[in-house]
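Visitor: I have a model to look through with you. Shall we take it piece by piece?

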Amino acid sequence: VNIYADSELVVKQVLGIYKVKNERMKILHSLVLEKLKLIDQWNLVHIRREKNMRADELSKLGMNKAKSKK
């Protein structure tokens, strides 16, 4: 599985290059690692936002939808 993400911070946290300091992100980070253990082979790549505008649009829609549910 190839995974492309526009957050360099998240990519480096998942790959173990950076530590996760934010408490909320620690929970999400643990969930991601659990799910990745279920996949035999995976690759995570950082894609700059300006190279993937559609993903950036979708992420903003998701954030707005999550905020409206609070």
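**Salt bridges, a helix and a pocket**

Guide: Glu8 is partly exposed, with a relative accessible area of 37%. The model is predicted.

Visitor: Is Lys12 buried, partly exposed or exposed?
Guide: Buried means under 20% relative accessible area, and exposed means over 50%. Lys12 has 22%, so Lys12 is partly exposed.

Visitor: How many salt bridges does a search of the whole structure find?
Guide: One of them joins Glu8 and Lys12. Glu23 and Lys26 meet in another, at 3.2 Å, N to O. Glu57 and Arg54 also meet, at 3.2 Å. The search of the whole structure finds 3.

Visitor: Which helix holds both Glu57 and Arg54?
Guide: The two residues are 3 residues apart, about one turn of the helix. Glu57 is partly exposed at 42% relative accessible area. The helix that holds both is H3.

Visitor: Which residue caps the N-terminal end of H2?
Guide: Look at the backbone nitrogen of Arg24. A side-chain oxygen lies 2.8 Å from that nitrogen. The oxygen belongs to the capping residue, Asn22.

Visitor: How far apart are the end C-alpha atoms of H2?
Guide: H2 has 15 residues. At 1.5 Å a residue, the helix should span 21 Å. The model agrees with that, the end C-alpha atoms being apart by 22 Å.

Visitor: Which element gives the most to the lining of the largest pocket?
Guide: Strand S1 and helices H1, H2 and H3 each supply at least two residues of that lining. The top contribution is 6 residues, and it comes from H2.

Visitor: How many residues of the lining of the largest pocket are nonpolar?
Guide: The pocket is lined by 20 residues. Lying nearest its centre are Ser7, Val10, Met25, Leu28 and Met63. In the lining, 5 residues are polar and 5 charged; the nonpolar ones number 10.

Visitor: What space lies in the largest pocket?
Guide: Rolling a probe the size of a water molecule over the atoms shows where empty space is left. For the largest pocket, the space is about 630 Å³.

Conventions. Residues numbered from 1 in each chain as written. Predicted model: local features only at pLDDT ≥ 70, side-chain atom pairs only at ≥ 80, totals over all residues. Heavy atoms only, no water. 1 Å grid on protein atoms, 1.4 Å probe; cavity = no way out; pocket = protein on both sides within 12 Å on 5 of 7 lines; lining within 4 Å. Points joined across faces, edges and corners; volume = space filled by probe spheres on them. Helix = DSSP H or I, 4+ residues; strand = E, 2+ residues; numbered from the N terminus. Nonpolar A, V, L, I, M, F, W, Y, C, P; charged D, E, K, R; others polar. Expected span 1.5 Å × (residues − 1). Polar contact = N/O pair within 3.5 Å; in protein donor to acceptor, adjacent residues only side chain to side chain. Salt bridge = Lys/Arg side-chain N within 4 Å of Asp/Glu carboxyl O. Buried < 20%, exposed > 50% of the residue type's maximum accessible area, 1.4 Å probe, protein only.
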